[in-house]
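Let's look at this chain together, one question at a time. Have the sequence and the 3D view open as you read.

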Amino acid sequence: MSPAVSPARCRAFTGCEPSPPAPCPAPPSPPGAVLTLDADAAAHRAALTERLLADDALHDPVWERALARVPRHAFVPEFQRREGGRWRTVTPDSPDYLSGVYADLPLTTQLTDGTPTSSSSQPSLMVMMLEALDLHDGSRVLEVATGTGYNAALLCERLGSDRVTTVEVDPGLADLARARLAALGHTPTVVTGDGRAGHRAGAPYDALIATCGFQRIPAAWPEQLRPGGVIVCPIGWGNARLVVAEGGRAEGRFLPMGSYFMSVREAGSTGSVPVPEPPDEHSDDPPDQRPAVLGPAGPFGDDSFDFLLSVAVPGIRFSAEQSPGQAVSACLAWRADGSWARVEQGTVRQAGPVRLWDAVEAAHDCYTAHSRPGRRRFGLTVGPDQQRVWLDTPNGPSWPL
Ligand SMILES: C[S@@+](CC[C@H](N)C(=O)[O-])C[C@H]1O[C@@H](n2cnc3c(N)ncnc32)[C@H](O)[C@@H]1O
């Protein structure tokens, strides 16, 4: 039997974000025309904007104008494409550069020891998050995770540079983004630092958008927004949209689209986010054993359940074993704390500080009992001492973060 990681979980391992739709068709070049990169890019950009409108991903004319004006290629002078198990650098000399830059896909823009550590997010996901911020002329916004600077440029185009602050933990990336933004005439405040602390000097903000993945809302954020301000932040494999109240509180629901952002990392770090290794199942700690209620295929192939697991059992990893064309025959689940579970032939063996399969089965019971809820039915309440994801209402079933 050959071990295989399920495609749904590969996103967790690569740090890449969304489920890729088909690339945009490249607009035809006029016969015989010699086009500059910028002119050619404008045609690709227009095609991307049309595509997002046609896909019902883009609704607000102010963001349509911003997307049509800001050149993504100026922020992504090259990107990394995974082909046949290897990374290939795609540069402006590559025939697939412009069609790649203006596809509705995330683009890996930095690798550290072979692991993605920065990217330009999928445009349809970016637009969903930007529209959810509910910005108005004069709004002041804090972006956490500058990355390439492309999202910051869209914000500057919408609000003006003096209304935009963006924080990036990686000094090299912050410098590059600052320079690329300036080359296009945008001069937001680009802060090199840990976005979890926000940027108190620029507070209060009307909105905060985070574009790296979190397991909970950092305490500094609600305090730096005015009451009524909006936070849009990836939590688990979803995006929470919260409205801020007094006293460090915030509450709201999850947006409908899935999101698989690379995790937030420590200040000063340029290294990759460590992914826990699969466990040593033959260690001295003898596992518990019991009949499995949920079979080994249970965690795979259902995006909504995937999201629930990402908040109910944070940090869990899975791999499936299956022969080509066959059903999943075994599943291994594990976490950085050393907990693991193996499900095979109707039995689950579990060891470590948390009985992971118990938690997966409890989440699955709740999921099926509530008619397999999608992200929209979940919400998040943030208080000074506690954060809880809930189903349907703040008094419904809930999971502490
Ligand atoms: C998906 S990229 C951001 C995309 C970006 N908004 C853009 O338009 O290109 C994620 C970024 O989060 C940054 N990051 C990770 N941890 C961070 C932290 N603690 N504070 C600020 N940025 C962080 C990474 O260095 C990476 O550049």
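Here are some questions and answers about the fold, the ligand shell and the core.

This is a predicted model, in which local features need pLDDT of at least 70, side-chain atom pairs count only at pLDDT 80 or more, and totals for chains, interfaces and linings use all residues. Residues are numbered from 1 along each chain as its sequence is written.

Q: What share of the residues in the chain is buried?
A: A residue counts as buried if 20 or more other C-beta atoms lie within 10 Å of its own, exposed if 12 or fewer, and partly exposed in between, with C-beta atoms placed from the backbone. The chain has 401 residues, and the buried part comes to 45%.

Q: How many helices and strands does the chain have?
A: Both kinds of element are DSSP runs numbered from the N terminus: helices are H or I with at least four residues, strands are E with at least two. On that basis the secondary structure comes to ten helices and 20 strands.

Q: Which element gives the largest share of the shell around the ligand?
A: There are 25 residues around the ligand, and S118, A145, G147, N151 and G195 come nearest; being near means that the C-beta atom, placed from the backbone, lies within 6 Å. Two or more shell residues come from each of β5 (115-120), α6 (150-159) and β7 (164-168). The largest share, four residues, is that of β5.

Q: Why does β5 count as largely enclosed by the rest of the structure?
A: Look at the strand residue by residue. The strand β5 is largely enclosed because, of its six residues, the number buried is five.

Q: Is P106 buried or exposed?
A: You will find P106 in the loop between α4 (97-101) and β4 (107-112). Its C-alpha atom is separated by 7.4 Å from that of P123, 17 residues apart along the chain. Because P106 has 26 C-beta neighbours inside 10 Å, it counts as buried.

Q: Which residue in β16 is the bridge partner of W334?
A: Strand β15 (residues 330-334) runs antiparallel to β16 and is joined to it by five bridges. The two form a hairpin with five residues between them, where G338 in the turn has a positive phi of about 95°. The partner of W334 in β16 is W340.

Q: How many residues does the largest nonpolar core have?
A: Such a core is a set of buried Ala, Val, Leu, Ile, Met, Phe, Trp, Tyr and Cys residues joined through C-beta atoms within 7 Å. V141, L208, I231, A333 and L356 have the most contacts inside the largest one, and α6 provides its largest share, seven residues. The size of this core is 104 residues.

Technical notes. Two strands pair if DSSP finds at least two bridges between them.
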